[in-house]
Amino acid sequence: MHLWMLLSWHVITAGDQEPWVAPENSAQVKNPVEAGTKSLQTGKKIYTSFCWSCHGTTGMGDGPAGAGMVPKPAAFTTSEFQNQTDGAIFWKISEGRGNMTSYKSVLTSNERWSVVNYLRTLKTE
Ligand code: HEC
């Protein structure tokens, strides 16, 4: 085992086991984009281009690119996930952590709010 392998392992995993909690002020931000047909269509389009590979086509966190990731890509189907505010979910998509990329410079804020609206439709429990 080379030293660089140990170091990169550390960089990838350090701190990521902690629960990921959005700051309170960000969690309280209201979603300015109504979850109408247009927003849900936009959200779905983004999800099926950028997110499914890790989070799975139905949002169960079982996408092929996420296999073996620690921590695993989140499941959006659970009430544990869905109990968060729109603001908290928006903040996580914007900021990212570890293998979860920051989408602040990839998607406009309107697009990010629309993905939040779409994630709401994936709830199953
Ligand atoms: C390369 C794989 C990958 C892609 C692509 C990806 N994610 Fe993630 N995502 C992750 C991982 C891994 C986590 C868990 C991160 C952590 O807890 O440190 C995560 C976590 C999240 C969370 C936080 C879940 C929670 O439990 O609160 C949200 C929200 C999220 N992703 C949304 C998205 C959206 C929306 C997209 C597409 C725009 C996306 N992700 C694309 C890997 C990915």
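Six aromatic pairs are present in the structure, which is a predicted model. In one of them, Y47 and F76, the ring centres are 6.3 Å apart and the planes stand at 75°, so the arrangement is edge-to-face. The two residues belong to separate parts of the chain: Y47 is in helix α3, whereas F76 is in the loop between α3 and α4 (79-82), so the pair ties together parts that are 29 residues apart in sequence. Y47 has a relative accessible area of 1% and is therefore buried. F76 is likewise buried, with a relative accessible area of 7%.

Y47 also pairs with Y118; here the ring centres are 5.5 Å apart and the planes are at 45°, so this pair is tilted. The pair links distant parts of the chain, with Y47 in helix α3 and Y118 in helix α6, 71 residues apart. Both Y47 and Y118 are buried. Together with F76 and F81, these two tyrosines form one aromatic cluster.

The protein chain contains six helices and zero strands. Along the sequence, its elements follow the pattern α-α-α-α-α-α. Of the 125 residues in the protein chain, 36% count as buried.

The iron atom of the ligand is coordinated by two residues, H55 through NE2 and M100 through SD, at 2.0 to 2.2 Å. The site has six donor atoms, and the angles among them run from 87 to 179°; the geometry is octahedral. The coordinating residues come from distant parts of the chain: H55 is in helix α3 (residues 37-55), and M100 is in the loop between α5 (86-95) and α6 (109-120), 45 residues apart. The accessibility of the two residues was also computed. H55 has a relative accessibility of 11%, and because the cut-off for burial is under 20%, H55 counts as buried. M100, with a relative accessible area of 23%, is partly exposed.

The surroundings of the ligand comprise 21 residues, of which the closest are C51, C54, H55, R97 and M100. For H55, a polar side-chain atom is 2.8 Å from a nitrogen atom of the ligand. For K92, a polar side-chain atom is 2.7 Å from an oxygen atom of the ligand. C51 is buried, with a relative accessible area of 14%. C54 has a relative accessible area of 19% and is also buried. A search of the whole structure for disulfides returns zero.

The loop between α5 and α6, which holds the coordinating residue M100, also contains S102. With a relative accessibility of 26%, S102 counts as partly exposed. S102 and W91 are eleven residues apart in sequence, and their C-alpha atoms are 9.5 Å apart in space.

N117 is located in helix α6, and its relative accessibility of 6% places N117 among the buried residues. The side chain of N117 is joined to that of S39 by a polar contact of 2.9 Å. T42 lies in helix α3. The relative accessible area of T42 is 30%, so T42 is partly exposed. Along the chain, T42 and S114 are 72 residues apart, while their C-alpha atoms are separated by 6.3 Å.

Terms used. Residues are numbered from 1 along each chain as its sequence is written. This is a predicted model: local features need pLDDT of at least 70, side-chain atom pairs count only at pLDDT 80 or more; totals for chains, interfaces and linings use all residues. Side-chain values use heavy atoms; hydrogens and water are left out. Donors are N, O and S atoms within 2.8 Å of the metal (3.2 Å for Na, K and Ca); water is not among the atoms, so sites may look incomplete. Four donors count as tetrahedral if all angles lie between 85 and 135 degrees; four count as square planar and six as octahedral if opposite donors are over 155 degrees apart and all others between 65 and 115; anything else is irregular. Helices (H or I, at least four residues) and strands (E, at least two) are DSSP runs, numbered from the N terminus. Buried means under 20% relative accessible area, exposed over 50%, partly exposed in between (1.4 Å probe, protein chains only). A disulfide is a pair of cysteine sulfur atoms within 2.5 Å. Rings of Phe, Tyr and Trp (its six-membered ring) pair if their centres lie within 6.5 Å; planes under 30 degrees apart count as stacked, over 60 as edge-to-face and the rest as tilted. A residue is near a molecule or strand if one of its heavy atoms lies within 4 Å of it. A polar contact is a pair of N or O atoms within 3.5 Å; within protein, one must be able to donate a hydrogen and the other to accept it, and residues adjacent in sequence count only if both atoms are side-chain atoms.
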